[in-house]
Amino acid sequence: MSYRQLAEDIIKHIGTEKNVHSLVHCATRLRFTLNDRSKADKAAIEKLNGVVTVMESGGQFQVVIGNTVPEVYREIGEFTNLLEDSAASSAKSGEESTSLFGKFVDIVSGIFTPLLGVMAGAGILKGLLGICINAKWLSPEDTSYQILFAASDSLFYFLPLLLAFTSARKFKANPFVAVTIAGALIYPTIQELSKGGGDVTFFGIPVVLMSYTSTVIPIILAVFVMGYIERFFNKVIHESVKNFITPLILLVTVVPLTLIVFGPFGVYAGNGIAAVLLKVFSFSPTLAGALIAMAWQILVIFGIHWGLVPVILNNIAVHGKDHIKPATAPAVFSQAGASIGVMLKTKNKKLKSLAGSTAVSAVFGITEPAVYGVTLRLKKPFIAAVISAGVGGAIIGYSQSIAIASGLPSLLTLPIFYGQGFTGFIIGISVSFVLSIILTYLIGFKDPVDEDETPAASAPVIENEHGVKAAHVKSPLKGEVIKLEEVQDKAFSSGALGKGAAIIPSEGKLFAPVSGVVTTVFPTGHAYGLTSESGAEVLIHIGLDTVQLGGKHFTPKVVQGQTITEGELLAEFDIEAIQAAGLSVTTPVIITNSGEFSDIIETEEKQITPGQSFLHLV
């Protein structure tokens, strides 16, 4: 089955994209809210290869597809603007996001956002441990220090594993396969091979190994490519075996591809940049200092700064000093300054707190939380930091400052820069820090709206299929309770429309079982769809086959779109007249989005009155 063709046919027969007010999906079905139901050709959709059936309930036009509904849903996003995260809508989301830099920032910030809290916490802990070491309160040999250092360094060491998971969510790939691929990159055997120095090949293809712990770009590229390979094979492999054949193919292709292509990319790019910068240093130390400071954080983001590290270490080992490392320090302090500028400028409480904590970790040398959580995410603060770093780097380069030992540039490691040009070094990092605060504050940025200040009325009752809450549905009628499977109508008794129970009413008054919104009032007045405040979709169908009465004997008391409260009168109906027409008044009460609850528990009462607990939604 072609998911793309099925998606196109569904949208065509539903009345085109213009007829769709909203679209979500659950485990087995596409849930459309239509602008005009009459434009949708239900019969034509039911005949499509891949469609199980079409149901209409709770104000939704539901196309039941089965386990492959996510693939069809994604295909709809490829050629329509119906999904917020669709390719088509992303292409029209604004000038900023269509730029290459904008797209890159959106992807990176989306991948790192779930990690910001723990990343900031780990960064601060690393800084505090550094203080303890410098103050001689702890030593690296202390087991207490080693335990706390493991807690602080774990996130950064195993960063590829975490990024694999968030990248998979961003690129719509299998997160468990992605994490397995990341695990292969930092597997002990691969780590040892990268340190061994011997030749490594993969079926004759040379492999240039590097250490992948703490890296960012290789795993993001790997998962990005993996997403395309996965989608391709999921289309061509039969459903019965694709759940294990596709992961097998991904493991044997993406892992070698990453080791052969993405790793060497970092090595060769880094070595090339190092050679260029060394030539610039010999020509103009001031210019070289500015370039290194401006480029350093960008090189770190792409993981290609490692090309400079051997040069720095070699200079210190051979000459006892190095001029490159001091120029990297302004990049660290300018990111800290930009975070403080954001903290001072923003009105968003969560962003203010995040910016403050990431600034603390940045001055201790851990810039990832500040970069990925604040400055790069907001774009302009990152640019302000790069410019400020360039000014500080120029001062350091002009002063010909040196580093006499290796270590992460931070407040804690200032002694390793003591010697030639130390005064210029202090001035350079101070200028980059202060200037970054000022530029960020003056240039500004698009301040995200604080969630706490967002009017509650603007939020929909159901954000998605996971937005519902546990709830009680009260009885809408007075009468006798029977099991749903006892209802003499397969559509209801089979549970195809959802779980619930039924009532044989003894009084012709229908009351609202929940507070919420009337999403559907059938023209004949015999059925009502409600969406509760908790997100439950309730369908009440008065009688069986009562649509045949054409509205006779039914008197609706509400209209579609009306807000209702629990216990409010929805309709009146004539029980005797309905029965005289030869029809049953048995009334199913169905939760049409039953799949979004772990269980639906029916009342044990045999006789019930309006307002009594009828269904418990877990």
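**A surface patch, a helix and a sheet**

Val434 is partly exposed, with a relative accessible area of 44%. The model is predicted, and Val434 is found in its helix α20.

Val434 belongs to a nonpolar patch on the surface, together with Leu344, Ile438, Tyr441 and Leu442. The five residues have about 480 Å² of accessible area together. Helix α20, which runs over residues 422-443, supplies the largest share of the patch, namely four residues.

Another helix, α9, covers residues 159-171 and has 13 residues. From its first C-alpha to its last, α9 reaches 18 Å, close to the 18 Å expected at 1.5 Å a residue. Buried residues in α9 include Leu159, Pro160, Leu163 and Ala164, and Thr166, Ser167, Ala168 and Phe171 are buried in this helix as well. Just after α9 comes Lys172, with a positive phi of about 60°.

The strands can be followed next. Strands of a sheet pair through backbone hydrogen bonds, in either a parallel or an antiparallel sense. Here, eight strands make up an open sheet with antiparallel pairing, in the order β15-β11-β12-β13-β17-β9-β8-β19. At the edges stand β15 (563-564) and β19 (607-608); each has a single partner strand, so one side of each is left without a neighbour in the sheet.

Strand β12 (residues 527-532) pairs with strand β13 (residues 537-541) in the antiparallel sense over five bridges. Tyr528 stands opposite Ile540 in β13.

Conventions. Residues are numbered from 1 along each chain as its sequence is written. This is a predicted model: local features need pLDDT of at least 70, side-chain atom pairs count only at pLDDT 80 or more; totals for chains, interfaces and linings use all residues. Side-chain values use heavy atoms; hydrogens and water are left out. Helices (H or I, at least four residues) and strands (E, at least two) are DSSP runs, numbered from the N terminus. The expected span of a helix is 1.5 Å times one less than its number of residues. Buried means under 20% relative accessible area, exposed over 50%, partly exposed in between (1.4 Å probe, protein chains only). Two strands pair if DSSP finds at least two bridges between them. Patches are made of residues with over 30% relative accessible area and no salt bridge: like charges are joined within 9 Å, nonpolar side chains (Val, Leu, Ile, Met, Phe, Trp, Tyr) within 5 Å. Accessible areas come from the Shrake-Rupley method with a 1.4 Å probe; for residues, only the protein chains shown count as cover. A salt bridge is a side-chain nitrogen of Lys or Arg within 4 Å of a carboxyl oxygen of Asp or Glu.
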